[in-house]
Amino acid sequence: MKKIISLFIFFGAFMSAEAQRTLSLDSCRALALHNNKQINISKLKQDMAMNIRKAAKTKYLPKVDAAGGYQYFSESISLLNNDEKNQLNNLGTNAATLAGGSLSSMVTGLVQQGVIPASVAQQISGAMGQLGAPMATAGNQIGNSIVKSLETDTHNIWGGAIMVRQPIYMGGAITAINNIAKINESLAENDADYKTQSTLYDIDQAYWLVISLKQKQLLANSYLNLVKKLNSDVQKMIKEGVATRADGLRVNVKVNEAEMQVTQVEDGLTLSKMMLCQLCGIPMSYNITLADESSDSLNIDMSQQTDNVADKDAASSNRPELRMLQNSIEISQQATKLVRAEYLPHILLTGGYLVSNPNIYNSFERKFAGTWNVGVILQVPVWNWFESSYKIRAAKVATCMAQMELCDTKEKIDLQITQSQFKVKEAHKKLTMARKNIKSAEENLRCANLGFKEGIMETTDVMTAQTAWQQAQSQKIDAEVEVKLSLVNLQKALGVLRY
């Protein structure tokens with residue numbers, strides 16, 4: 001709803017040429033929040049932290065990876081060595097040679113024993129010679145076929161795999177990572193809140209500075225009109241001989257001083273408006289007019305009490321700086337758990353499907369084929385020379401440092417709140433006194449003007465009364481603006497400065 005209102009204010013402020021230059025405090029705040037680059041950066045950081053948190057959640061889920069590739073090898077995988085290949089290729093020849101030698105030895109023995117005659121032995125040897133050649137050829141062919149069947153043909157290899165990894169226990173690391181991501185998201189929100197409050201604070205400071213200078217511009221013009229009126233009266237009196245030229249010179253000096261004051265205030269007002277335009281994100285050349293410029297008084301409610309605003313106990317939860325420091329402590333604590341998890345056992349469930357060509361599961365067949373696999377991986381750190389202890393101690397020291405910084409900041413914020421409360425009360429008292437001084441200064445100026453007309457008071461008395469009146473009016477303006485700014489300071493100190 002606030003965003004919609006802000007957009008209406010933003011576009012409504014620039015609909016017409018006249019309205020384009022008239023801004024209220026709320027419209028200035030809306031423009032600043034809409035155009036401030038640091039706030040927009042904080043919003044982007046929030047979006048980034050949210051996506052990081054969502055990414056951290058995925059670490060609980062299984063991961064699936066796919067891989068594939070091709071490789072060429074100059075040599076194939078061989079299941080036989082060269083000697084074994086040579087023996088199998090000459091299987092028939094070796095067998096025939098071995099069988100022929102054994103038969104010849106046997107026939108020779110029979111001839112020597114007289115069992116068979118030599119002629120028969122010659123016939124047997126001739127018959128074996130005729131049968132040996134075909135047997136050797138057939139044996140060699142069988143051996144050669146065995147060698148060929150054991151060739152793998154692994155010059156060209158294609159492979160692929162799909163792997164699934166599911167963490168079962170990682171020592172609490174995944175939980176710590178998710179907690180850190182959540183805390184970082186909260187940290188980004190608190191950073192955006194801090195920059196928003198700082199922007200509102202700067203806008204309020206610049207806005208009331210412009211109002212103060214505008215009121216002082218009106219006061220300077222009024223004072224200039226007073227001294228000019230006095231100068232005119234003195235010049236008439238000089239002509240009539242009832243006043244001296246010294247009186248005229250003194251009044252002329254006051255006129256020159258008043259004109260210089262008007263010039264200085266106008267320059268300061270122009271610069272302050274340019275600064276306000278820069279904070280609002282609009283061109284500094286715009287001649288803006290603020291809604292509170294035309295009011296004679298800022299309508300300060302003197303009945304407003306600081307007790308209704310101040311609440312130190314709520315400041316701890318409202319101040320974004322304290323919340324950011326608390327986030328730092330929580331992140332440090334989770335970082336300690338993350339360090340500890342690194343040295344605890346890790347259990348990982350794995351599974352997948354592996355495919356290859358040639359098929360190593362079917363005698364290197366030239367086809368794509370694969371197999372499923374499931375497993376459990378357990379990693380247990382055994383000895384690390386106390387590295388884990390040192391790192392955990394260092395992480396705990398970082399947490400203690402963050403806690404001490406938080407306590408120190410809380411004490412400073414308590415002091416700041418108390419000081420802001422005193423400033424609000426002092427501002428109210430100053431405004432009360434300034435309003436009383438206004439009445440006295442106005443009465444004094446009235447009496448001085450009346451006495452001057454009656455001829456019983458000198459021009460110096462009138463100029464003194466005019467100066468006192470100007471100072472009283474200026475103090476009232478300063479007091480009114482100080483009340484506004486002191487309340488803004490108190491709201492910022494309490495962390496309740498909102499739009």
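1. A handy term to start with: two residues are in contact when they have heavy atoms within 4.5 Å of each other. With that in mind, look at this predicted model. Among contacts in the protein chain between residues at least 6 apart in sequence, 83% join residues at least 24 apart.

2. Now for the parts list. The protein chain has 12 helices and 6 strands. Buried residues account for 34% of its 499 residues. The accessible surface of the protein chain is about 29500 Å², and carbon and sulfur atoms own 58% of that surface.

3. In the order E2-E3-E5-E6, 4 strands form an open sheet with antiparallel pairing. Strand E2 (63-72) and strand E6 (369-379) are the edge strands, each pairing on one side only. From one strand to the next, the twist averages 20 degrees.

4. Strand E3 (residues 156-169) and strand E5 (residues 346-357) run antiparallel and share 11 bridges.

5. Helix H2 (residues 25-35) deserves a look. It is largely enclosed by the rest of the structure, because 8 of its 11 residues are buried. The buried ones in H2 are Leu 25, Ser 27, Cys 28, Arg 29, Ala 30, Leu 31, Ala 32 and Leu 33.

6. In soluble globular proteins, nonpolar side chains tend to be buried together. The largest nonpolar core here has 22 residues, of which Leu 224, Val 227, Leu 230 and Val 251 touch the most other members. Helix H7 (173-240), helix H8 (245-280), helix H11 (387-454) and helix H12 (459-494) each supply at least two residues of this core. H7 gives the largest share, 7 residues. Leaving aside neighbours within four places in sequence, Val 251 is in contact with Val 227, Leu 230, Asn 231, Val 234 and Met 463. Another core, of 21 residues, lies apart from the largest one and includes Leu 31, Cys 277, Cys 280 and Leu 485.

7. Finally, the cysteines. How many disulfides does the structure hold? The count is 0. A disulfide needs two cysteine sulfur atoms within 2.5 Å. The closest cysteine sulfur to that of Cys 277 is in Cys 280, 6.6 Å away, so the two are too far apart for a bond. Are Cys 277 and Cys 447 buried or partly exposed? Cys 277 is buried, with a relative accessible area of 0%, whereas Cys 447 is partly exposed, at 34%.

Notes. Residues numbered from 1 in each chain as written. Predicted model: local features only at pLDDT ≥ 70, side-chain atom pairs only at ≥ 80, totals over all residues. Heavy atoms only, no water. Buried < 20%, exposed > 50% of the residue type's maximum accessible area, 1.4 Å probe, protein only. Areas by Shrake-Rupley, 256 points an atom, 1.4 Å probe, with all protein chains shown as cover. Pairing = 2+ DSSP bridges. Axes fitted to C-alpha atoms, helices over the stretch in contact; angles between N-to-C directions. Core = buried A, V, L, I, M, F, W, Y, C linked by side-chain atoms within 4.5 Å.
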